[in-house]
Amino acid sequence: MVSKPAPDATRRSERSRRAIYAAALALVGEVGYPKTTVEAIAARAGVGKQTIYRWWSSKADVLLEAFLDLAGQSAQAVGQEADAVPDTGDLAADLKAVLRATVDELFDPRFEVPARALAAEGVVNEQLGREVVAKLLEPQLQLYVARLRSAQDAGAVRADVDPRIALELFVSPLAQRWLQRSGPVSYAYTDTLVEYALHGIAPR
């Protein structure tokens, strides 16, 4: 009698986890954050509610982890590391490359629809807004901080510059234009943001 191989619990768990990610992102885009529930996520993913609560404490945690996973996939797709801004020695080129990848991510339907829903809710839901900043946004911004500090060490950025403030010269305008749809968002636009941030607007 041929014995059957034992079920691979690890693989099954990974399938369930990815189904939950997909369900959470889809639902928040379709019905908004307030109407997205753990029960609805579980039903869409085809898992039990207890499965979700075994891995996460709230729907916010599910969504934030799903976004992080999606960002990691996007970075891999363009050959970048998800946990670092490239450091080739050319600061402008590195920043432009990352911001171009960000443009692609912002307009990827898998990301754009749920991201807009979460951002809108974060404006009126202070607790969620703080969680988004602490768990999703700030860790990403710290990657820019690390790259700018590296540039300071190399003499490419003034030593008295605060990297956390400086990064907002190119990250914040992009976020605002994307969120408010106040103008076109393109590679040329983000390249220009980097040029203005690094070289200013006064005559050279």
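This is a predicted model: local features need pLDDT of at least 70, side-chain atom pairs count only at pLDDT 80 or more; totals for chains, interfaces and linings use all residues.

How far apart do the C-alpha centres of domain 1 and domain 2 lie? The first point gives the reply after a word on the model.

1. Residues are numbered from 1 along each chain as its sequence is written, and side-chain values use heavy atoms, with hydrogens and water left out. The protein chain is divided into domain 1 (13-62) and domain 2 (84-204), with bounds taken from an automatic or database domain assignment. The C-alpha centres of these two domains lie 28 Å apart.

2. Overall form. The protein chain has ten helices and zero strands; helices (H or I, at least four residues) and strands (E, at least two) are DSSP runs, numbered from the N terminus. The C-alpha trace spans about 80 × 45 × 25 Å along its principal axes.

3. The domain interface. Seven residues of domain 1 are in contact with nine residues of domain 2, where contact means heavy atoms within 4.5 Å. About 620 Å² is buried between the domains, and carbon and sulfur atoms give 69% of this area. Buried area is the accessible area (1.4 Å probe) that two parts lose on being put together, summed over both.

4. Salt bridges. A salt bridge is a side-chain nitrogen of Lys or Arg within 4 Å of a carboxyl oxygen of Asp or Glu. By this rule the count comes to 17. Between domain 1 and domain 2 the count is one. The side chains of K135 and D61 form a salt bridge at 2.7 Å, N to O. Another joins the side chains of R147 and D94 at 2.9 Å, N to O. R147 lies in helix α7 (residues 126-153) and D94 in helix α5, so this pair ties together parts that are 53 residues apart in sequence.

5. Helices α5 and α10. Two packed helices are described by the angle between their axes and the distance between the axes. Axes are lines fitted to C-alpha atoms, for helices over the stretch in contact, and angles run from 0 to 180 degrees between N-to-C directions. Helix α5 (residues 91-106) packs against helix α10 (residues 187-199) at about 145 degrees, with axes 9 Å apart. Residues making the contact include L95 and L99 of α5 and V194 and L198 of α10.

6. Helices α9 and α10. Helix α9 (residues 168-180) also packs with α10 at an angle of about 145 degrees, their axes being 8 Å apart. The contact is made by L169, F170, P173, L174 and R177 of α9 together with Y189, T190, L193 and A197 of α10.
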